[in-house]
Amino acid sequence: MAEANQLFKEFKIQSVSEFFRRNAAMLGYTGKVRSLTTIVHEAVTNSLDACEEAGILPYVRVEIEELGTEHYKVILEDNGPGIPEKYITHVFGKMLAGTKAHRNIQSRGQQGIGISGAVMFAQVTSGKATRVITSTGGDIIEAWVKIDVDKNEGKIVKKEKHPNPKGWRGTRIELEVKNVRYIRSKQGVYWYLKLTAIANPHAHIELIEPDGKLIVFPRSSDEIPEPPVEMKPHPRGVLTDDVYRMARRTRRNTVRRFLIGEFSRISDKKVDELIEYIAALRLIKTEDDKNVQEQLYERLMNGDVKAVLRSFRGYTKVVKQVAKMMEKPPEKLTWHEAEEIVEAFKYMKFMAPPTHGLRPIGEENIEKGLTNILKPEFVTAVTRPPKVYSGGIPFQVEVGLAYGGEIGSGFDLLRYANRVPLLFDAGSCVTTQAARSIDWKRYKVDDLDRTPLVLMVNVVSVHVPYTGTGKQSIASVDEIHEEIRLAIMDAARRLKSYLGGKHRRLYQVKRRKTFEKYVPEIARALSVLTGEPEEEVRDYFLKFIEERLAQKEATVEEVAEEVSENA
Amino acid sequence: MPKPKAIKRERPKEKFSYDPRKVLSRLEEYGRNVLEAIKAGKNPYFDIPMRGLSNVYFDEKSRLIKMGDKLSRRYFLNVAHARKFMQTLLVMAYVKRLVSENKHASLREAYYANKHTIPGTKENTFEDQRESDPIIEDLERMLGVLREEMHITADRRGYIYGDIVIRDGEDEFNASKLGSGGWAVPGTVEHIQFPEINVDYALVVETAAMADRLIEEKFPKKENALIIATQGQASRGVRRLIHRLHYEEGLPIIVFTDGDPYGWYIYSTIKQGSINLAYLSDKLATPEAKFVGMTMDDIERYGLKNVTEKLKGIPPNKKGGPSGDYKRILEEMEYPWFQNKEWQRQLKLALKWGVRIEQQALANKSLEFVAKEYLPEKINNGDLLP
């Protein structure tokens, strides 16, 4: 027994660092390049979220200093609301204690581990504490934060207060990390920030690279996005655990009130319906004949709940039992009952979930972001109306398309989930699949891999269905795939009409040149034939071409506009 | 005592008509039309009679291959036409300079004279002589004048020998006093004049060897004939010369070729014109020309069977036939101007026997046979094919 105790004690001591090490992949700390990107990601996300909630136009500055081989100092500074002194350990020290982790809300954060993961990473690779300088407008607080591995909480190693005569507000953190590498690759910090800047045109982002080079992604919109609001979960989007846990936490006094009050799209009548469905399911389970059972399930699926109930003798008794369950206090709800409720939800019909909580970037802002960062000659964006996948999870797709200008030859796909750039696992992402499934030739893009084209896709949802633990690629859900396709096709149609117009104009210029280049020859010959001065003949011809082609171009333009209006 | 001759010089039907001012005025007229159109804001164009078989027909009345009235309109403001429009004007201006300066240029010279890079482009006005030659032909049809009248000369080939006086620019000479080589026919014969003609007819001979034979045998002098050697297919200059000698000087034209499809085709072009130059038939063809030989009948009459040669190709009744010479003969049988008993008979015999007979085969009898017996006999007896 003593041995077992000893064993358990050791296990406990190692728990947090062990957890971190074991789950490094899930948390984004794998690979030397990716680890660095993840640190920057966590910090930038925190800054943007904080600014958004405080209604501040964000100014974010990232500085990477090279201290030695694979040894860097990452400095991140923002103009956010700052962190009150007593929350510093909470923000930087506690793992798995995010503010949004258990809320039904669209969020940038993906891991629920946030900046404390970065602090942890710094601690385990360099052994150094993270330096935090922050102010909410009063004194400037400078603190060195470490994570107490035993207690799974933040610990301030050293703290100083400084006067703040200029009223500075914001947060600056400095992390010293080893085992990472800075490269300007498509998985690196530079690319991450560039993509972030595109999706957040309201943010001013700066990067100082290890060689001292300053890169600025300037702000192109003064519109601060509204923070997302929490939405009540939709019955089709919950798991047994959710219902069970929510029932423990709720302040409502009956299960019925709990269901009506904590879920969206559940009314008093729906609970009555739910009672019948649960009763029907209980009865069906008593049926021995597998075939009959199968048929009954099918009828239930078709909404024929009354008929299913009537096929059992004494069904009213069961219905009454279930109705009784609905009137008991929610905290008395058993796991089994929660399971029954969730199962019945699957057979019932509900209104689509509310989508007011979703916060897309918006067509105008996508266009601003793409124009500002990529400097294309053509840009367009499409934000689709919200849709629902797997019956109850709202999501929304938006795409932006940028063509030509300073964009180099070749197709680039920029993937986002809730505005956060996805840099890894592109191959398995539904976004990639949808983009590749488009017949680009139909949109005047003959050779996709040689066209200067950038496509950005942002999938917005409370629950983005990621594949795997890395959370860097979106699962191939049919509804999402289709929405992405529709959005791309819509944007591509606009690109087509732009390219069409461009081809037409090029053709006109070429056509005009065809005639104009012969004019000097013709003028000289006609002058020989008629004795008319060469200059005059030339002017007659040039004037004629000008008049005729101007007329033609005008009519062509009109036609083009009509076409694009129809499209 | 010479025998009375069947062939005599006739009354002239045309007059010497060459006038360089006509070409110049036509060129200026077209130039002015273009200028007027552009000034009025209209798209200038040229109407050019179409070339090719589709615009060619045989005119029964004049018995000439003639050009139809199909026109193609060449606009300036048309992506497909603009280049040719420019080229047409370029050549027109060049012709104007040539004619007014009284200079002559060959087709190749005309090509090089007008070829240059268009400023500001990598494009040449003419990339190839194959571009400039058709433009010159277009102008012939458009203006209704001969290339030669525009002072652009064709290849020269052929020569004449006989007692006629020729005035060529400042030179004047008798074509029977230039030695056995005769007078080489220049590419352009428009300006040539004939102050004196002392012959009764002109004998057009296919091969130079036969013409030389006749000259050596003093045939021109004895028979009072003008020898015209075409050296194969008659050049434009020679055809024009034949035409002019016939129409302007009233000389009967008698053609003497090999007895094979190729020889008969030479006769056909002299007589009726060719499809390529249908638009010039009026000026180049001589429908009144007659044919003296060789014919299939000659083989029998003069016992030349052992000097015939086999026709090339596959006969019509054999597998894969008709091809080669046979095919050619069958085509010639369809020609409107060969639709008469005499010619159909000759062509059918050639098919039947599958042989051809060359002019030189007559040397089988003796060298002087052709000059002393064959030709005088046939010509004076009027034993000629139409």
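**Note on the predicted two-chain model**

1. Chain B contains 13 helices and 17 strands, where helices (H or I, at least four residues) and strands (E, at least two) are DSSP runs numbered from the N terminus. Chain A, for its part, comes to 18 helices and 14 strands. The model is predicted, so that local features need pLDDT of at least 70 and side-chain atom pairs count only at pLDDT 80 or more, whereas totals for chains, interfaces and linings use all residues. Residues are numbered from 1 along each chain as its sequence is written, and chains are lettered from A and ligands numbered from 1 in the order in which they are written.

2. On burial, 42% of the 386 residues in chain B are buried, and for chain A the figure is 41% of 567 residues. A residue is taken as buried if 20 or more other C-beta atoms lie within 10 Å of its own, as exposed if 12 or fewer do, and as partly exposed in between, with C-beta atoms placed from the backbone.

3. On contact range, two residues are in contact if their C-beta atoms, placed from the backbone, lie within 7 Å. Among contacts in chain B between residues at least 6 apart in sequence, 69% join residues at least 24 apart; in chain A, residues 24 or more positions apart account for 73% of the contacts with a separation of 6 or more.

4. Strand β14 of chain B (residues 253-256) is covered on both faces, with B:I253 and B:V255 buried on one side and B:I254 and B:F256 buried on the other. In a regular strand the side chains alternate between the two faces of the sheet. Strands pair if DSSP finds at least two bridges between them. Strand β12(B), residues 201-205, runs parallel to β14(B) and is joined to it by four bridges, with B:A202 standing opposite B:I253. Strand β15(B), residues 290-293, also pairs with β14(B) in the parallel sense, over three bridges, and here B:F256 stands opposite B:G293.

5. Chain B also holds an open sheet of three strands in the order β9-β8-β11, with antiparallel pairing. Its edge strands are β9 (171-174) and β11 (193-197), each of which pairs on one side only. Neighbouring strands of this sheet are turned by 20° against each other on average, direction ignored. Strand β8(B), residues 164-168, is joined to β11(B) by three bridges, and B:V165 has B:E196 as its bridge partner in β11(B).

6. The axes of helices α8 (residues 261-272) and α11 (residues 324-334) of chain B come within 9 Å and cross at roughly 35°, where axes are lines fitted to C-alpha atoms, for helices over the stretch in contact, and angles run from 0 to 180 degrees between N-to-C directions. The crossing is left-handed, a term used when the near helix is turned anticlockwise from the far one by less than a right angle. In α8(B), the residues B:P261, B:W264 and B:Y265 meet B:D325, B:R328, B:I329 and B:E332 of α11(B).

7. Between the chains, 25 residues of chain B are in contact with 20 residues of chain A. On the chain B side, the elements giving two or more residues are α1 (20-39) and α2 (82-101), and α2(B) gives the most, with nine residues. By class, this side has 14 nonpolar, five polar and six charged residues, where Ala, Val, Leu, Ile, Met, Phe, Trp, Tyr, Cys and Pro count as nonpolar, Asp, Glu, Lys and Arg as charged, and the others, Gly among them, as polar.
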